[in-house]
Amino acid sequence: MEMFVDMVLMGLLGITAIAIVFTRHLFTATMLSGAYSLTCAALFVKLDAVDVALTEAAIGAGISTVLLLGTLTLTRRREKAHKGFSWPPFVVVAVTGALLLYGTVDMPAFGDPNSPGMLHVVPEYIAGTRDDIQIPNIVTAILASYRGFDTLGEAVVIFTALIGVLLMIGRRRPDDEESGTRRPERRP
Amino acid sequence: MRHHLVLRVVSKLLIPFIILYGLYVQFHGDFSPGGGFQAGALVAAAIILYALIFGVDRARRVFNPAVLTVMAAAGVLLFALVGYAAFIGGGNYLDYDYLLPNDTTGQHVGIITVEFGVGLTVTAVMALVFFAYAGRTDEIDDEDW
């Protein structure tokens, strides 16, 4: 049964990704990327990463879709049509993909307690969360306490991104009305 | 989207519950999946839903961008100040053990406070970025899509 759920979700991901690549209509691509994120969130729940799934559903499927739609209102609705087929990008993608697949052969099995990643600091964090911090959610303990510096850095990055966005497009100046942004032309 | 009666009624019902769930994810993050980042994204999603249904101008009046800007800065500042507060007890930066006489209680207080800071920042940043994008164009008719 688990295998079946995995296969359905992975299949949906693949189909959505291919559809995003092939569509020329940017509105469709945006909606499909939202669907892709939602499928990803379901997959994360399946992998017991509920914290990540929550974020993926709210940010990936919700807010970034809305932001992409906001961007779409400032630009065209259709991708320019490409003529012909160019080999170099195809070769680069094919070789990278093959190398990544080759790399997965050496990966430890999913959830293997003896994999190197599980043996380094993880036992210390698990024991520390149980004995010292004493909260049930180890993810929160690592995020906010053991890796507090990193999380502070993340908060600063988000804040800096806001400053950048506000500086670039935060204020609507009168001369924008004449030159820069305008209503996108209607399609017949 | 003034004429979408169903969307308006449903979202009016949903928005309070989304915000309530955001608060639950925020303050229950120690015990169940969640934390500041997820909670902030949820509350911001509620704000964006409100703006989508009732218009950006009305959303700007309800969620004042000036207040949101202060919130974004205050969240990061709160996080950084908790780090400094550990100095007073004699610890290193962000070492919550030294916030209170009892190590474990100190950890709890520290984690909840910094998560609250992250939640404030994420909510405000997401909402403000959306307002910045949405403020660039006039209202779009449904036919324009």
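Modeller: Happy to! Two residues are in contact if their C-beta atoms, placed from the backbone, lie within 7 Å. This is a predicted model, in which local features need pLDDT of at least 70 and side-chain atom pairs count only at pLDDT 80 or more, while totals for chains, interfaces and linings use all residues. Residues are numbered from 1 along each chain as its sequence is written, and chains are lettered from A and ligands numbered from 1 in the order in which they are written.

Colleague: Which element gives the most to the side of chain B that touches chain A?

Modeller: The contact takes 51 residues from chain B and 44 residues from chain A. Helices (H or I, at least four residues) are DSSP runs, numbered from the N terminus. On the chain B side, α2 (36-54), α4 (65-88) and α5 (103-134) each give two or more residues. With 20 residues, the most comes from α5(B).

Colleague: Is A:Ala155 buried or exposed?

Modeller: A:Ala155 sits in helix α8 of chain A. Beyond residues up to four places away in sequence, A:Ala155 touches B:Gly75, B:Val76, B:Phe79, B:Gly117, B:Val118 and B:Thr121. A residue is buried if 20 or more other C-beta atoms lie within 10 Å of its own, exposed if 12 or fewer, and partly exposed in between. A:Ala155 has 28 such atoms within 10 Å, so A:Ala155 is buried.

Colleague: How are α6(A) and α7(A) oriented to each other?

Modeller: Axes are lines fitted to C-alpha atoms, for helices over the stretch in contact, and angles run from 0 to 180 degrees between N-to-C directions. Helix α6 (residues 122-133) and helix α7 (residues 138-146) of chain A pack at about 85 degrees, with axes 10 Å apart. Angles under 35 degrees count as roughly parallel, over 145 as roughly antiparallel, 65 to 115 as roughly perpendicular and the rest as oblique. Therefore α6(A) and α7(A) are roughly perpendicular.
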